[in-house]
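Welcome, and thanks for taking a look at this one with me. Please open the structure, and then we can walk through a few points together.

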Amino acid sequence: MNNRLTTSWGAPVGDNQNSQTAGQRGPTLIQDVHLLEKLAHFNRERVPERVVHAKGAGAHGYFEVTNSEIAKYTKASFLSEAGKRTPLFVRFSTVAGELGSADTVRDPRGFAVKFYTDEGNYDLVGNNTPVFFIRDAIKFPDFIHTQKRDPQTHLKNPTAVWDFWSLSPESLHQVTILMSDRGIPATFRHMHGFGSHTFKWVNDQGEAVWVKYHFKTDQGIKNLDVELAAKLAGENPDYHTEDLFHAIEAGDYPAWTLYVQIMPAADADTYKWDPFDVTKVWSQKDYPLIEVGKMVLNRNPENYFAEVEQATFSPGTFVPGIEASPDKMLQGRLFAYADAHRYRVGVNHNALPINAPKCPVHNYQRDGQMRFDGNGGKSVYYEPNSFGGPKEVPEANVTPLAITGQAGTHNYSQDDHYTQAGDLYRLMSEEERTRLVANIVGAMKPVQSEEIKLRQISHFYKADPEYGTRVAKGLGLAVPQEA
């Protein structure tokens with residue numbers, strides 16, 4: 001067989017859909033060298049701009065806690081009491097476009113927050129959507145390849161986009177959001193932000209809960225009409241960047257209220273959806289939003305390159321009281337994001353002013369390119385040692401996570417990719433549905449394969465028969481009959 005999938009060293013790949021985990025709920029195993037190679041190679045495909053989220057804007061601000069009850073869920077110091085303020089930096093971005101691309105394209109928006117806490121930096125790296133297209137990091141390089149340019153034509157390739165989506169039905173929920181009115185926010189100020197993944201909060205008693213983050217814009221949700229967005233893309237491709245800068249410069253400081261959903265740890269085994277599947281949401285009826293605090297952006301960068309371009313964010317930049325979950329996409333990002341920064345900005349990227357913690361840093365990391373500080377001076381450079389060097393902090397260790405099952409490649413336990421997408425469709429007004437279908441039809445018309453179109457239509461149909469029927473009619477294709 002001449003077309004078998006192999007690693008770069010020629011070994012056959014047995015499973016390219018699921019990463020290796022310790023049991024069905026992970027965590028992901030570092031022994032999965034195929035996963036590590038894919039992610040490491042993917043991070044090095046472009047020089048020097050970001051592979052994803054290349055086009056963006058940023059601003060400084062602060063976060064203020066408004067709910068003193070949050071401390072019972074997490075020992076994170078910056079959330080310890082109402083009124084406590086923490087400085088932060090936020091970067092908004094598109095996902096697929098290059099550095100010179102337009103702000104007003106139909107694309108998810110990155111929503112990355114760096115909290116400079118008194119216990120170190122905490123990065124919350126999410127999007128303006130509560131879900132994502134895929135749920136295992138092993139598929140991420142392939143997904144992003146479909147969003148980039150064709151290697152022969154150097155043009156965007158709708159056939160590749162819809163081929164991948166139609167073969168990855170878990171993407172349907174996010175595709176429905178992307179093709180809806182929310183797919184083109186009016187400005188960065190008029191969109192929500194989400195941590196998207198599930199995270200673990202741990203209090204000072206060692207008690208753990210699962211948590212999801214929701215930043216609700218205080219400016220209200222506003223989206224762009226498709227024709228206006230296209231007009232702006234040609235006339236002012238930096239429209240969102242300009243809007244954010246001038247709003248802050250004029251003293252019209254954008255703000256978001258942070259809420260969380262909290263799930264008791266034991267519920268993860270019984271909830272109707274796998275709580276670690278990033279393609280799914282938790283019902284707010286089951287886990288209501290709890291207010292945490294207010295984020296305000298009140299200062300523009302002085303230098304774009306130094307502060308926005310060199311800003312680095314990683315979902316693995318945790319502080320005590322906040323930990324990872326077995327979410328497979330999150331597990332992959334814990335490695336991939338930090339590795340991307342080590343490649344793009346340098347191994348000492350966290351020492352740059354925009355990324356440097358506001359609290360003291362003590363470790364045994366030395367040397368490397370662009371080591372522009374004292375490099376640890378003459379202090380002891382290994383651990384353990386007998387010379388008073390920095391010591392471990394046992395109380396900052398992560399809490400245990402019970403593991404069951406066999407090491408191997410595992411799919412998620414649930415494969416219902418249609419109910420939540422259908423529920424979202426049925427929540428829309430008739431006008432919203434009409435625009436959604438028109439956006440999908442317009443995006444799918446250039447696809448060169450009728451088989452791909454019909455396969456994707458079948459997913460829409462399974463979410464809601466009306467949904468699939470309207471898309472099929474818009475494309476002039478037969479309506480699928482399967483339920």
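**Notes for a first look**

1. Let's start inside. The largest nonpolar core has 47 residues, and those touching the most other members are Phe140, Phe143, Trp162, Trp165, Ile440, Phe460 and Val471. Helix α10 (residues 430-444) gives the most to this core, with five residues. Apart from this core lies another, of 36 residues, with Leu88, Phe188, Met191 and Met295 among them. A nonpolar core here is a set of buried Ala, Val, Leu, Ile, Met, Phe, Trp, Tyr and Cys residues joined through side-chain atoms within 4.5 Å. Buried means under 20% relative accessible area, exposed over 50%, and partly exposed in between (1.4 Å probe, protein chains only). Helices (H or I, at least four residues) and strands (E, at least two) are DSSP runs, numbered from the N terminus.

2. A word on the basis of these notes. This is a predicted model, in which local features need pLDDT of at least 70 and side-chain atom pairs count only at pLDDT 80 or more, while totals for chains, interfaces and linings use all residues. Residues are numbered from 1 along each chain as its sequence is written, and side-chain values use heavy atoms, with hydrogens and water left out.

3. What does Trp162 contact, leaving aside its neighbours within four places in sequence? Its partners are Val175, Met179, Ile440, Ala443, Met444, Val447, Ile452, Gln456 and Phe460. Contact means heavy atoms within 4.5 Å.

4. Next, please look at strand β7 (residues 199-202). Phe199 and Trp201 point one way from β7, Lys200 and Val202 point the other way, and all are buried. In a regular strand the side chains alternate between the two faces of the sheet.

5. Which strands does β7 pair with? One is β8 (residues 208-217), joined to β7 in the antiparallel sense over four bridges, with Val209 of β8 as the bridge partner of Trp201. Another is β11 (residues 322-323), also antiparallel to β7 and joined by two bridges; there, Glu323 is the bridge partner of Lys200. Two strands pair if DSSP finds at least two bridges between them. The hairpin of β7 and β8 has five residues between the strands, and Gly206 in this hairpin takes a positive phi near 80 degrees.

6. Now for some backbone details. Most residues other than glycine have a negative phi, and most peptide bonds are trans. The peptide bond from Gly26 to Pro27 is cis, with omega near 10 degrees, and Pro27 sits in the loop between β1 (20-22) and α1 (33-43). Glu383 and Pro384 are also joined by a cis peptide bond, with omega about 5 degrees; Pro384 lies in the loop between α8 (328-344) and β12 (407-409).

7. Ser196, in the loop between β6 (193-194) and β7, has a positive phi near 65 degrees. Met370, in the loop between α8 and β12, has a positive phi near 60 degrees. Are they buried or exposed? Ser196 counts as buried because its relative accessible area is 8%, whereas Met370 counts as exposed because its value is 65%.

8. Gly61 counts as buried because its relative accessible area is 11%. Its C-alpha atom is separated by 5.4 Å from that of Val296, 235 residues apart along the chain. Not counting residues up to four places away in sequence, Gly61 touches Thr86, Pro87, Leu88, Val296, Leu297 and Asn298.
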